[in-house]
Each structure stands twice: as C-alpha cells, then as structure tokens.
Amino acid sequence: MAAPLTLLLIVAVTIRAALFRSSLTDLISERVEVVSPLTAWKRVVEGLALLDLGVSPYSGDVFHETPLIIYLFHFLVDYAEITFMLADVITAVALYISVKDYNKQVFRKQKYALEADRYPHDCHELIRSPKEMYYIPLKVAMFYLLNPFTILSCVAKSTCGLNNAVIALFILSMMKGNVLLSAIFLALATYQSIYPLTLCAPALLYLMQRQYIPVNFRRFSFWCFIAQFAFMYVGSLFVIICLSFFLLGSWDYLPSVYGFILSVPDLTPNIGLFWYFFAEMFEHFRLFFLCVFQINVFFYTIPLSVKLKEHPVFLIFMQLAVISIFKSYPTVGDIALYLAFLPVWSHLHRFLRNIFLVSCVLLTCSALFPVLWHLWIYAGSANSNFYYAITLLFNVAQILLVSDYFYAFLRREHHLTYGLYLKRKDGSEATLVLK
C-alpha cells in the first residue's frame, strides 16, 4: 500500500503546485465558499504587516486567527504554499493510518463475534471481508487529497487546512491509544476554533474502550479516567493560551478570536446558516438567537454520545459533520474533512435511502454557488435571497446525508443483533421502524 499512497501524494501535490502557479489563485482566494473572515490568507498577511510594524494584529477588525498561527507564518510566510500542501499531506497520511488501525480493530472484533456465534445465521452477508476493507484507507486519503473542496482550500491558502491537520493528528493519536497526545492535539484544535471541544466525548469513549473501562457512572475507574483526561486536556489548553499571551504580550486575542467566533459580528456571506439570518435580525432579538444557533453545535453531543457509546469512531464522523454544518464561519474545507470518512462506511450503502438525491443536490449546489454570487454581486439581476436559498439547500442536503448514514448505521447494527430478515410472531415479514 505504500506505493499507491506515495503515487497519490505525488499527484495531489502536483495538482496543487500547478494551481498555485496558475492565474486562478487570486480568483479562488476571493471565493466566499472557500475562505471566511477567520481563515482568509489576506487577513493573515494584514496581521503579519501589523506585527512587523510593532502594532498588535488584533488592534483593528481585520485579523481573527490565533497568535500561534501568525507567529508560525511570521517565520514561514515565504514558504506558505509548501506549508499548506504539507498540511494536506499530513492530514491524508494521518487519516490513512487511523483508518487502517480502525479496520484492524473492526476485523478483530468481528472475528471474535463469529467465533462466539453472536451473529444470527441470516446476516452473514453483512459481515465485512478483509478484501473489501483492504483499500479503504487509500480511498480515504484519496477522498481527502483529490476532493475539489480540499484542493480549493489549499490553493486559497485557507488556514482551515491547518485546523484539519490538527484534528487528523488528534484522531491518529486517539486510534493509537495515546491519551496524552490525543489530549494535546484536541486542546490545540479547540484553541484554534472552539468547536472541536465536542470531540472530547468520542475521544473519552474510545480511549476507555481501549483500556477496558466500562461506561458506568458508579465505577471509580470511569471517573478516574475522565479526571485524568480532563487534567491533560485543560492543562494543555492552559499552556497553549499562556504561550499565546507571552508571544503577544496581551490578552487582546481572546475577544478578537473567540469573541468573534461566538458573537458573529462579520456577516460576510458564506456557506453557513448565520450570515443572512442575523443580517435580517432585529437587534434586540440577536443575543437570544445567537445563543440558540451556537448551542446547536454542542447540543447534539450528548444524545449522539448516548446512542453511539459503543461506536466512538462513527461518533467522530457525526460530530465533524455537525460542526461543519452549524459552525458560525464554515468553509468547504470543513466539509472535505468529514466527507473523507465516507469510504469507511461503504458497507452501509445497501441501507442508504437518499444517497443519489443528496449527491445530486450537493453537486448542483456546488456548481450554482459561483453562478448565483455573480448574478447577485456583479450582474445585479439577483439578490441575497437567491444566494442564501442555495446555501440553505446545500446545508439541508448535508443534514440529509449525515442523517441517512446515521439511519443506515443503526439499521445494520440492529440486523447484526436480531437478524437480517425479520419476522412477526405469525411468520409474516416484519418492517423495521427506527424511532
């Protein structure tokens, strides 16, 4: 598998290098679907210029990235293109190794279950074979590296690519069972954009599974492990925040970064749900609806964790999707990260209900984004309602996609427990209804 992966990396880097040298770079870096007020490279350059002049980059309303990012590019600004390409390569390789380890664990559990005769006899066609699982890690890397969303994000030099790399390294550390490293990378991801805080739940569930600690509120070992992980996570986050203070010499970045993410003052159009709603909002209702919108990202963590406590890797997929849909300033780079996991769930295709329709809607919306933007901003023959309508449809399609995979996953698990062909007491065929 090393040779195909190496070839894939060479092809991916070549495509990015060619686009960096093309005339499309400036056009792509201006696209509101690709960059946001948080991740735009132009804003990083502005912040660097202010830093070089001895002025705090957070003194105005231009730069909203974290201090570690600006100090990273203070030294690497001349190698920015290589940095972003390297970030994509790191993400792909980390996902490749993570999925490879996950497949080994799935196959091992499946083998033990077969030996113990835990599966009903009529559901053996649902059992995954090593042959079908062999190329899944390579497909995951391919889905990430060759996804147009990822390529556009890299060419635009959106800092979203760096966030994805940190999250991928967190997933890799978690899959390897390294508690300290997973806590550090999760703290770094949270430091970058707050929302990865919700990944604490799947991390805890997975690491407890690896150490054979039962999820039982009455067990001392359960609370001991949570306290241990929380200490590492909060401690890492505290160190990173203090390091940022020592680099910058002030706490100005806290309201400029985290206050900006949570209060959503910049209503530049994007592919998210916030901008149009709050542009039309009466000011005295703003705080209430702001809380409602922001809670959305965190609200689903508890019910999903309860339902998927035995399947933390699928829970990570669900949480990444929820973050990319409901965060305040999403870009296509956020979507590319969770879409890379779709090959991992290829065995669910027989239970998916709306995959063709959803795929068509996502592709159509992706094509219509620049068209409706041109009609609104340049031609003047449309207005913001047109662009927000396609944004809304795009997010509805994402929600349908994720909920369809959630349904398919639960249905397969039900069949593995009760059998594929369900019968009523009178012997007639039963219909499965998930509530």
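Guide: A charge sits over a ring when NZ of Lys or CZ of Arg is within 6 Å of the ring centre and within 35 degrees of the ring normal. This model is predicted, so local features need pLDDT of at least 70 and side-chain atom pairs 80 or more, while totals for chains, interfaces and linings use all residues. Residues are numbered from 1 along each chain as its sequence is written, and side-chain values use heavy atoms, without hydrogens or water.

Visitor: OK, what sits over the ring of Tyr407?

Guide: That's the charged end of Arg353, 3.7 Å from the ring's centre.

Visitor: And how many aromatic pairs are there in the whole structure?

Guide: A search turns up 41. Rings of Phe, Tyr and Trp (its six-membered ring) pair if their centres lie within 6.5 Å; planes under 30 degrees apart are stacked, over 60 edge-to-face, the rest tilted.

Visitor: Why is the pair Tyr134 and Tyr135 edge-to-face?

Guide: Because their planes stand at 90 degrees, with the ring centres 4.9 Å apart.

Visitor: Are Trp275 and Tyr276 buried or exposed?

Guide: Trp275 and Tyr276 are both buried (under 20% relative accessible area; exposed is over 50%, partly exposed in between, with a 1.4 Å probe and protein chains only). Tyr134 is partly exposed at 44%, and Tyr135 is partly exposed too, at 45%.

Visitor: Back to Trp275, how do its ring and that of Tyr276 pair?

Guide: Edge-to-face, 5.7 Å centre to centre and with 85 degrees between the planes.

Visitor: Which residues are in the cluster with those two?

Guide: Ring pairs link Trp275 and Tyr276 with Phe369, Trp373, Trp376, Tyr387, Tyr388 and Phe394.
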